[in-house]
Amino acid sequence: MRGGRFVAADAEQQLDRAETRRVMRRLARLLRPYRRSIVVAVGVLTLQTACLLAGPLLVRRGIDQGIRGQVGRALDQSAVAYLVVALVALFLGRVSIMMVARIGEAFLADLRVRVFRHLMDLGLDFFEREKTGRLVARMTSDVDTLQELIQMGLTAFVQNVLLFSGALVAILLLSWQLALCTLVLLPPLILGTRWFRRVANRAYGEVRERVGANLATLQEGLAGVRVVQAYGQEATFAARFAGTNEAFHDANVETARITVRYFPFVEYLGVIGVAVIVGVGGWFTTEGIVTVGTVAAFVLYLNNLFEPVQQLGQIYNTVQSAGAALHKLFGLLDTPASIAELPGAVDLPSSGAVAVAGVSFGYAEHLVLHDVSLTIAAGERIALVGPTGAGKSTLAKLIARFYDPRVGTVSVGGVDLRRATLDSLRHRIVVVPQEGYLFTGTILDNVRVGRPEATDAEVEAALARLGVLDRFRALPQGLTTEVRERGSRLSAGERQLVSLARAALADPAVLVLDEATSNLDPGTERAVELALEQLTDHRTVVVVAHRLSTAARADRVAVVDDGRLVELGTHADLVAAGGAYAALFASWTATSVQR
Amino acid sequence: MQWRWITLSLVSALCWTVTKVAIPLLAAAAIDQGILGHDTRALVGFTVAMVVVGGIQAVVSGLRRYGAFRLAYRVETDLRQQLFVHLQRLDFAYHDQAQTGMLLARANTDIQAVREFLMLGPLTAASLMVLVAIAVVMLLQSVLLAVLALGSLPVLLVAAARFSKKMGPVSFALQHELAEFSGVVEESVSGIRVVKGFGSERMQVRRLEAEAADVQGQALAASRLRSRFLPLVDFLPAVALVMILWYGGHLVLDGRLEIGQLVAFNSFILMLIWPLRMSGLTIAMAPRMAAAAGRVDEVLATEPTVVDPPHPVALPDGGGDLRFEGVRFGYHAGPPVLDGFDLHVRAGEAVALVGATASGKSTVARLVPRFYDVVDGVVRLDGVDVRDLRVADLRSQVGLVFEDTFLFSDSVRANIALADPTAPLERVERAARLAGAADFVAALPDGYDTVIGEHGFSLSGGQRQRIAIARAVLADPRVLILDDATSAVDPSKEHEIRAALREVMAGRTTLIIAHRPATIALADRVVLIDGGRVVAEGTHEELVATDARYRDVLAHIGEHEGRVPVVEEDVA
């Protein structure tokens with residue numbers, strides 16, 4: 001299944017080794033455009049780390065040559081040199097944070113746009129399969145996890161790795177004997193850290209799972225609060241929430257149990273380290289193997305060995321979530337677009353003649369449409385009628401190439417839609433959905449969705465063609481009125497008018513309409529009808545009809561039942577024929593109130 | 001409960017402070033007496049002492065963290081529970097205006113910010129204790145050395161404070177940009193049918209690019225602030241190390257200090273780097289925590305307006321006699337939706353409320369169970385002002401079926417038995433039968449145990465409405481209100497429900513808000529509502545015959561009802 005990988009990636013948060021490798025390789029590829037800046041940034045970070053590591057060496061020189069050698073000037077020189085490298089480290093620290101931030105944020109902005117562009121290119125089938133919330137989470141919380149890493153931990157992560165390796169090299173060069181005695185502590189440190197990573201992984205995975213479950217309960221409690229109150233079940237739901245809330249708490253406490261074992265353990269190893277350096281180092285001093293200054297430098301370096309390990313343990317979580325987030329984002333990027341442009345695609349001609357030939361279509365193994373053939377002349381209005389689930393909306397979507405048929409072809413102006421360029425496809429065939437959906441922005445912006453390059457005058461002309469320009473001009477800020485919060489300031493009918501104006505602006509040859517099922521306010525109902533009249537004039541129109549009055553006005557009616565085209569003809573012919581349509585029409589006239 | 005963790009945290013933090021200071025002093029003694037004094041036994045003795053004290057330190061360090069974490073998690077969990085309970089209590093008017101996303105953020109990110117602060121707070125306090133202890137030890141050795149070594153540290157605290165002050169608005173602005181960015185994503189995904197229908201994918205991408213650039217700009221502003229502060233956290237301790245090396249070194253040369261003590265002072269400074277970073281982080285977090293806590297508190301401080309009266313009246317026996325007397329009401333101090341609304345529904349009577357969209361008929365229904373309180377006038381149930389009753393008593397006697405049915409992610413049985421979670425299966429089955437839901441429930445994979453709702457089996461709009469009716473039936477209220485409760489049911493199946501509804505309505509006061517004439521016909525009496533008041537009443541036939549406004553309203557609705565019943569999309 002196409003969505004399989006995407007869904008699977010969501011189910012488990014932890015990546016196995018192979019997945020991690022794949023994510024890293026892919027990340028490296030994406031980072032290629034930044035490689036020059038990355039090299040410079042790593043260079044600066046290395047230099048800064050070198051400055052930090054120079055400190056203990058200067059302390060060693062001050063003690064051995066200055067204090068032990070009784071040379072005051074050597075002591076002064078060492079102190080001044082230390083101050084200088086600290087100042088350089090300060091400067092380089094500022095530079096490196098900004099460099100890493102610039103690279104990271106540019107990469108992230110790029111990734112955001114890239115994922116979103118891909119998302120927009122995916123077919124409608126994908127959006128029907130995936131929940132909106134999950135898709136939005138990909139673009140928000142997953143990308144935010146990466147943002148957090150860049151803002152909070154990326155520089156520290158790189159620097160700690162450098163600091164640790166640098167300190168290791170430094171002590172080996174100073175005295176390999178004392179270094180070996182110190183390094184005895186590394187195996188327990190590494191083993192302990194590996195244990196921590198393994199156990200903490202599992203525990204934090206549990207936390208993430210339970211935070212999700214807890215949020216779901218919370219969300220449900222909020223969404224259903226009216227029903228809860230209506231039935232006086234506040235206490236039941238408080239108890240239900242307490243269940244997931246306490247489970248979340250227990251998972252958190254489990255992570256606390258793990259971290260309070262690990263971090264003091266590392267701290268203790270550090271103390272043992274100092275004891276070993278002082279004890280063994282002291283003995284080496286009397287044997288003349290090392291100087292007192294070297295012992296002091298070792299004590300300082302020990303800090304550079306242990307501190308990074310502890311810090312990396314802290315950052316590790318963020319790094320890991322970022323890896324998981326990247327994995328999920330890559331999963332989304334890898335979901336192929338079901339509707340893609342073939343090489344050598346041609347523009348659709350301006351003709352609005354539609355031919356559906358022997359089309360079968362289905363989701364998974366279940367067929368929704370069986371061998372449907374239908375020819376629609378240019379400029380003809382055809383109504384698709386049928387019970388719920390019969391397949392009429394699916395047929396309309398196939399005509400707009402929201403999906404490709406499994407068998408058979410859909411062609412417009414004689415060109416198979418699969419061979420058409422996507423650009424011409426979306427210009428020649430426009431789908432107006434049931435509900436007038438508005439985006440944040442002005443009315444002008446919203447109509448312009450129909451043709452983004454249109455000028456204000458063209459938008460106004462489109463509104464005028466539908467006879468609704470004055471209506472919107474009469475709003476407080478006219479056409480520049482902001483329609484916030486999904487257009488809550490406009491009524492359902494007005495939203496529908498904006499939606500129709502989009503189609504008028506797009507000026508397509510073929511118009512696919514999904515008739516609104518919900519009631520419109522009486523004030524705009526008439527305006528919507530008039531606008532529809534205007535819009536459908538001289539165009540091929542396929543309307544998914546929910547009202548038989550609409551069907552009656554169409555040139556021809558196609559009755560779809562159980563995935564098959566069962567009747568086709570004019571309203572009058574079908575009523576006269578006494579088939580399925582005639583029965584539907586009879587039951588309607590019976591229940592309808594006489595006007 | 002909390003005191004246990006606070007005590008554990010404090011006691012272990014004190015012990016931790018002592019061990020933290022003792023270890024470098026032991027190292028100093030080992031160097032001075034052991035190495036420089038060439039005393040092997042002292043060297044071994046002090047070294048072993050370090051290992052032993054280190055072990056104690058590890059244990060108390062663990063306990064100190066554990067106490068702080070347990071406390072923080074406990075407070076977090078309790079606070080979230082309190083918030084949830086409070087939100088469940090807040091009235092409809094509040095929930096109408098509050099955005100779910102905003103409330104989720106309160107319960108999630110804001111409370112988490114409080115928790116993080118609580119975790120770092122005690123750790124920071126312990127670190128500051130260490131700082132004070134070290135200052136005392138150093139002052140005892142040499143006042144000038146202590147001043148030189150520790151003098152740069154106040155600078156660090158001042159810088160941290162300034163940093164956090166500037167960081168607040170910047171991170172707020174970043175959050176704002178991130179929210180705008182998510183807004184565009186959410187809109188494009190929710191409106192994907194429009195985007196695809198008009199082929200405006202590129203336009204959406206351009207909008208998103210602009211938002212992504214805003215986020216990037218704001219994130220860089222935050223990084224710029226960070227780049228000015230964070231390197232100072234490394235630099236200032238280094239200054240201290242330089243001072244110790246230089247001035248302390250000269251003290252050693254003058255014979256006023258031992259080398260071991262010099263090394264110990266170095267260790268002290270190293271020990272302070274991490275606590276100081278932590279303090280900086282905590283200080284940086286403090287305003288965020290305060291803002292988050294303020295936002296949570298704001299919700300908690302909002303009192304519901306629909307509450308039990310101080311001296312509730314017991315609901316007298318009665319059959320659900322319902323009176324509206326001079327009722328005036330408007331949503332959120334807006335223009336009145338109902339004005340001078342008078343209606344008397346006798347016990348056991350069924351009345352249909354008919355009116356154009358926004359005529360106020362649904363509002364009438366919502367005033368009965370006190371989802372909102374009237375601005376003026378009074379609503380009486382069996383003679384008692386509904387505001388004089390305990391809310392729970394009132395609502396247990398009013399069953400309201402909404403047009404949009406909310407299903408919980410739970411079994412069919414639990415969804416129906418909402419009013420009485422302990423109801424036996426027979427009662428649930430009976431309610432389902434009366435609501436016309438028994439047949440389709442029986443056909444579900446696990447029957448009454450089938451999990452439905454957002455995370456479960458999807459039901460059609462009509463099926464959902466029948467579950468909602470069953471819910472109301474099970475509650476067995478005196479007053480039943482059906483607000484467009486069968487609008488999504490297939491008209492071909494509605495007659496089955498109508499028969500069942502008649503049985504349910506028998507002996508109950510019923511308000512029916514409906515569009516279909518056949519449903520209106522269930523009522524004994526019809527009232528026409530216009531302009532927030534009753535303008536005509538009578539039987540359906542009388543009104544059709546005599547009232548032009550009534551015919552208009554019905555004809556308008558009839559136009560819609562002539563549609564082939566389609567509620568769900570074809571695509572599952």
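User: Where should I begin with chain A, and which domains does the assignment give for it?

Analyst: Keep in mind throughout that the model is predicted. For chain A the assignment gives domain 1 (1–174 + 318–338), domain 2 (176–289) and domain 3 (354–591). The C-alpha centres of domain 1 of chain A and domain 3 of chain A lie 50 Å apart.

User: And how is chain B divided?

Analyst: Chain B is split into domain 1 (2–301), domain 2 (318–397 + 479–572) and domain 3 (406–476), and between the C-alpha centres of domain 1 of chain B and domain 3 of chain B there are 51 Å.

User: How many residues does each chain bring to the contact between them?

Analyst: Chain A contributes 131 residues and chain B contributes 129 residues. On the side of chain B that touches chain A, the largest share, 33 residues, comes from helix α8 (residues 201–253) of chain B. Sorted by class, that side of chain B holds 70 nonpolar, 37 polar and 22 charged residues.

User: How do I describe two helices that pack together?

Analyst: Two packed helices are described by the angle between their axes and by the distance between those axes. Take helix α6 (residues 152–190) of chain B, which packs against α8(B) at an angle of about 165°, with the axes 9 Å apart. Angles over 145 degrees count as roughly antiparallel, and therefore α6(B) is roughly antiparallel to α8(B). The crossing of α6(B) with α8(B) is left-handed, and the residues of their contact divide into 25 nonpolar, five polar and six charged.

User: What is the angle between α13 and α15 of chain B, and how far apart are their axes?

Analyst: Helix α13 (residues 425–434) of chain B and helix α15 (residues 461–475) of chain B pack at about 125°, and their axes are 8 Å apart; α13(B) and α15(B) are therefore oblique to each other. Their crossing is right-handed. From α13(B), the residues B:Arg427, B:Val428, B:Ala431, B:Ala432 and B:Leu434 meet B:Ala470, B:Val473 and B:Leu474 of α15(B), and by class this contact has seven nonpolar, no polar and one charged residues.

User: How do I read a sheet, and what is the strand order of the open sheet in chain A?

Analyst: Strands of a sheet pair through backbone hydrogen bonds, and they do so either parallel or antiparallel. In chain A the open sheet of six strands has the order β6-β7-β8-β3-β9-β10, with mixed pairing. At its edges stand β6 (429–432) and β10 (564–569) of chain A, each with a single partner strand, so one side of each is left without a neighbour in the sheet. From one strand to the next, the twist averages 20°.

User: Which pairs of strands show me the two directions of pairing?

Analyst: Strand β3 (residues 381–385) of chain A runs parallel to strand β9 (residues 556–561) of chain A, and four bridges join them; A:Leu384, for instance, has A:Ala558 as its bridge partner in β9(A), while the partner of A:Ile382 in β9(A) is A:Arg556. By contrast, β9(A) and β10(A) run antiparallel and are joined by five bridges, with A:Ala558 opposite A:Leu568 in β10(A). The hairpin of β9(A) and β10(A) has two residues between the strands, and in this hairpin A:Asp562 takes a positive phi near 50°.

Notes
Residues numbered from 1 in each chain as written. Chains lettered and ligands numbered in written order. Predicted model: local features only at pLDDT ≥ 70, side-chain atom pairs only at ≥ 80, totals over all residues. Contact = placed C-beta atoms within 7 Å. Nonpolar A, V, L, I, M, F, W, Y, C, P; charged D, E, K, R; others polar. Domains from an automatic or database assignment. Axes fitted to C-alpha atoms, helices over the stretch in contact; angles between N-to-C directions. Parallel < 35°, antiparallel > 145°, perpendicular 65-115°, else oblique. Left-handed = near helix turned anticlockwise from the far one by under 90°. Pairing = 2+ DSSP bridges.
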